[in-house]
Amino acid sequence: MTTSTVAVLSGLILLLPLAGALLNALVGWRLSRRVVNAIGTGSILAAFLVACVMLAQVVGAPDGAKSASAHLWQWLDLGTGGLRVGVDVTLDPLSAVMLMVITGVGLLIHVYSVGYMEHDRGIARFFSYMNLFIFSMLVLVLAADLLILIIGWALVALSSYLLIGFWYERPSAVVAARKAFITQVAGDVALVIAAFLIVVHIGTLSMPGIFAAAPSFASGGLLITVVCSLLAIGAFAKSAQFPLHTWLPDAMEGPTPVSALIHAATMVTAGVYLIARFHPLFDRAPVAQGMVACVGIGTAVMAGVIALSQVDIKRVIAYSTMSQIGLMIFAVGIGAYSAGMFHLATHAVFKALLFMAAGNVIHALHDEQDIRLMGGLSTNLRRTELCFLSGTFALAGIPLFAGFFSKEGLLGFGLTNGPGAFPWVLYLVGVGINVLTGLYAFRLWATVFRGEPQTARVYAAREAPRVMLVPVAILALLSAFLGLILGVWSLVIHDNFLIGVFARFLSPVFTTPASGPLAVDLSTGTAILAGIVGTLGSLLGAGLAARIWLQRNPDPSAVTARLPRALPQLAYNKFYFDEIYDALLVRPLVALARAARRVVEPRFMNSGVQTVSDACSELGAWVRDYQTGLIRDYASYMIAAAGVFVVATLVLVSR
Amino acid sequence: MLSDFAPILVFLAVCVAFGAGVQALASWFGPRRPSAAKDLPYECGIVPVESARRRFSVSFYVTAMLFIIFDVESIFLLPWATIVRQLKVFGVVEMGVFIAALLIGLIYVWAKGALRWD
Amino acid sequence: MTVLGVLPVLAPPPGIDILGLLPEVILAGGFIVLMMLDLVTAPAQRGWLAVVSVVAVAGAFGATVWCWFDAATPRTVYFGAFAYDRFGLFINAIILVSTALVLMITPQYLNRRGLHYGEYYALILGAATGMMLLAGAGSLMVIFLAIELLSIALYILSGFNRTEPRSQEAAMKYLLLGGFASGFLLFGMALIYGETGHTQLTLIAAAITNGGGTVDPLLMAGIALLFVGLAFKISAAPFHTWTPDVYQGAPTSVTTFMSVTTKVAAFAALIRVFSYTFGEPLIYDRWKIIVYFVAIASMVVGNVAALRQTSLKRVLGYSGIAQGGYILIGVVVLTPAATWGSLYYLASYAVANIGAFAVITVMANRGEDLDSYASLRGLAFRRPYVAAAMGLFLLSLGGFPPTAGFFAKFFVFAAAIGAHELPLALWGIGTSAVSVFYYLRVGLLMYTRPQPDEPSYNWSRTSLSGGGVLALTAAGTLVMGIFVTLVLNIAVSAQNGIVLHG
């Protein structure tokens, strides 16, 4: 794996989606739908093939040489001592995994979009945005310079904004897009401040340079804690973690493929990637790590409870996404980076699957999203249901499905590595989340596909066309067997029984000279114990869900209704976060703005900002008055100025 | 260095003083008897026939400009002639190029009709 | 070593190096050939003259590239009258590329205006030759001659639209005020010569250094007057007054040409004379205050006056005045970073400004230019690519990333801060904030849907060459913002290569 290979391959994989985006943006409107589709999906297919080659490069590289950086070009160079920003890329196991997830799942979702967006007139715009998103995401994961990473980070937010607001005639979509973007920007600001602190302390933004200089931060010191907390806040905004999570459910206003690609599989997991990538810093900031772990597990519980109470099919899946990402964040917060990354990968598969299957349902019911009006879809949507079921099993962590391996592997580390004096507390919470997950996952499946049809529309539902079924089926197979294959493989090479292969593959990234070998390695006994308890929790949840909702007329709020009345109310209203933010942030700001307009503006602004603006304008008019158009005036200005200059040089500065 | 300019300053002062002095002396000592004939523009003693502010044919300017261009050419030849021996053949070729360029200019203005009077 | 050296009798005496002037000689040759061709070409066929002139420009550009590698060690040629260095060649390259781009949009525009006069192309090449001579001028006399050569050509070109009174007025204003400015320039030169006894820049610098720590008042007066003459050419306030009137009156293709190339060439002379010849601290302390004032005045006057304009050509004229103010920061600050910052700025300004004026030229119909704000309204819906390109140019002129203009401003301001001239940078940043208003207003107009009952402007169709110019300039604006070091390295090497000693 030479530097030039990496440069060529990364250049290719970046250029392909960018070219697709530009092509569709510039000339898409005069091309036929077929050509637009071909450009949109073809560019991602090509990128996926390149990603496969890149993965092969990493796998084939000898141990100790699994990571290679390439310098594409120097972006900025202010000489010695000045800031230098290179457009550098790193190909290592971590970025290879991300590349496979982004382009692989991305490819299937693009193919699916061809069917889903069949009747939409803005198809060229759609594919242009989608390709732009893939490009931005690739920039984010390949970047070897923090500034370039931030550019990718911001571009991702931009394309997400464009895609959530894709149907811009809908006011709700525009509002949701704006909300998502503003929240993202809050995270961007934190990230930029972190970058600023890093460059002030270390003097470089190059990521290998930062990681090499990580020991220069006092371990557990204030600076590193602040930097890592800021990085974490950036990650929280992107990954929809408490308290920056409220945008994700609203983002479901976008087309369903967008939800599958951006708000399930890739963008929202970028926060997990960021923390994993910056682990040399996080390893030195235990306080920040503990904060990350607690926020992750807290978000997971909260989102799980909300998911149980929602009745919109996409929102249920959105909250489940939030909950699962909470688990990943928890994992990277306790230092179980490869476990977190493995869950990221499997989650991308089964969550994209669930969204796309849900998209089939919505498509078949002509944009109906309320699960109370579904039920009994299994007769007409037999294949979709099978796929959906595969995703549900994986999500709930039923043994031998992909989610089982990743989730149990992740939770196992919580038993020993949790923060604080009682590390196992968070593990127990995690088992509770398993129960919750089983409950909401099977609740969704049962109320949508089982029981009696709740509306007449269900009878008229038609199975989705092949172009929408095949990608879903591929993902269904993956979510059923991916974990199993890797698990058996791990057994064969005699490793930790759950995620050994994956962890071994990623270990070069997470074992750096700076941080030393990670202390995260469970004994087989602990792992088995943790796995069994966790699995029992998942099965308990699934079983309960089957008992409650597998009936002719299931009541989606069956569980929550039995609780004291306050709780279901709270959960249904998403713990009133929107209202709280409204009361705490939006209203005071609006009130402040009003007050400002009433009091400050007439009194101070008119003599301040407004005056500046008026003064500029007045000055402009004044200058224009001197622009008489008469040569004699112009000549006299010149004489006057020349005279003043001569006098000034002669008299004023004669020292 | 500045003192090098002293003669110029003196010269300037003398010029201004002389000009102003002559004017002043004339206005002090000269008699003042204005008449209509004296206010007429002086045209070599001939009575003017019309206003001096009439338009001239633009051809005058063109001819004058062309004259200056070729005048400058001949001025340029003089210093060259003093060192042509030092420049050897190169100098002759150089001046040939220069004159050729001017010749082309002449052909151009000729073809454009700038030398035609009407 | 020269080609002519092969023939022993023709060997030029030492001190004369024709290769040092190769690009200028090629362009001057093209100028003469075009004059002759004009005589034998029918009016309708004169579009072909544009092709010939582009070929001449390309030849000169090739020679410039060759010279760039040849001039690794800078030297002066023609007895010190001319500097053969990468600094001048960098400016040459900008001028030649700009000239070629202007020539590509010209024939279509002249046809629409019915101006089938072949002198146009010859005059453009003549002006470009003057500009290149100015960029490499190593002596006060060459500076004056070069300025006259380019000015006379531009006076004629400004009045090229013979039937249009505005064009005539522009030419007359430019001629009279230009002559006036030349007077200042010559007077300044005379005083400098009188004080130092030299016209050659390197010898003047040496004379000042050997002056023994005293400064003669007449030398300072000469420097101030010389600055006035050059400030007129870069249209810096308060010598800018001709700019909006002439830019508006002249045919737009000519405005495109002179708004960029004149400024670039005059800035080259300004940097060479002021930053490098008069860089002696004793002298610098005294002229700095003038340039400082002119820089701030240009930034303020240009940006503020542009706020109240309703003609796009005038807005761009004032914006050019303001941009000149930003580049002057690089003259006030003497550090190398300031010089290469200015060079980068000149390159980025050339690309974006040619692009913006090219939009006006290319969209012009038979009756009028794309000049009034009403004619801009809704452009994006009928000519989406043109509007997008225009938006890009405006963003670059306003200094937004990731365009060339952002880094240009960044380098210049950073150089000012690096040299502890924070107030200068703050003036720059403050006035660029003002400039955003009028740049974005033009952008917004293009993307505003016209009222249904509003008579819409009849935009021309983009020709192949016109579209090509827009595509090239748009690509250049982006490339210089994304692959910054590509041009930056050349600019740094140009700064390093400037001739300091005869």
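Residues are numbered from 1 along each chain as written, while chains are lettered from A and ligands numbered from 1 in written order. As the model is predicted, local features need pLDDT of at least 70 and side-chain atom pairs count only at pLDDT 80 or more, whereas totals for chains, interfaces and linings use all residues.

**Exercise 1. Find which chains share the most contacts.**

Start with the term: two residues are in contact if their C-beta atoms, placed from the backbone, lie within 7 Å. Two pairs of chains are in contact, and chains A and C share the most contacts. Chains A and B do not touch. Their nearest C-alpha atoms are 14 Å apart.

**Exercise 2. Describe the side of chain C that touches chain A.**

Count first. Chain C gives 34 residues to the contact and chain A gives 28 residues. Next, list the elements of chain C that give two or more residues: α6 (165-196), α8 (217-233), α9 (242-249), α11 (281-307) and α20 (484-496). Helices are DSSP runs of H or I, at least four residues, and strands are runs of E, at least two, numbered from the N terminus. The largest share, nine residues, comes from α11(C). Last, sort this side of chain C by class: 27 nonpolar, two polar and five charged residues. Here Ala, Val, Leu, Ile, Met, Phe, Trp, Tyr, Cys and Pro count as nonpolar, Asp, Glu, Lys and Arg as charged, and the others, Gly among them, as polar.

**Exercise 3. Describe the fold of chain C as a whole.**

Chain C has 20 helices and two strands. Its radius of gyration is 22 Å, close to the 23 Å that the globule rule gives for 502 residues, so chain C is as compact as a globular protein of that length. The radius is taken over C-alpha atoms, and the rule is 2.2 Å times the number of residues to the power 0.38. Buried residues make up 63% of the 502 residues in chain C. Buried means 20 or more other C-beta atoms within 10 Å of the residue's own, with C-beta atoms placed from the backbone.

**Exercise 4. Explain why the buried residues of α7(C) lie on the same side.**

List them: Leu201(C), Ile204(C), Ala205(C) and Ile208(C), in helix α7 (residues 201-209) of chain C. They cover an arc of only 100 degrees around the axis, which puts them on the same side of α7(C). The arc is that of the directions from the helix axis to the C-beta atoms. An α-helix has 3.6 residues a turn, so residues three or four places apart point the same way. Finally, find the partners: the buried residues of α7(C) pack against α6, α10 (252-277) and α11 of chain C.

Definitions and conventions. A residue is buried if 20 or more other C-beta atoms lie within 10 Å of its own, exposed if 12 or fewer, and partly exposed in between; C-beta atoms are placed from the backbone.
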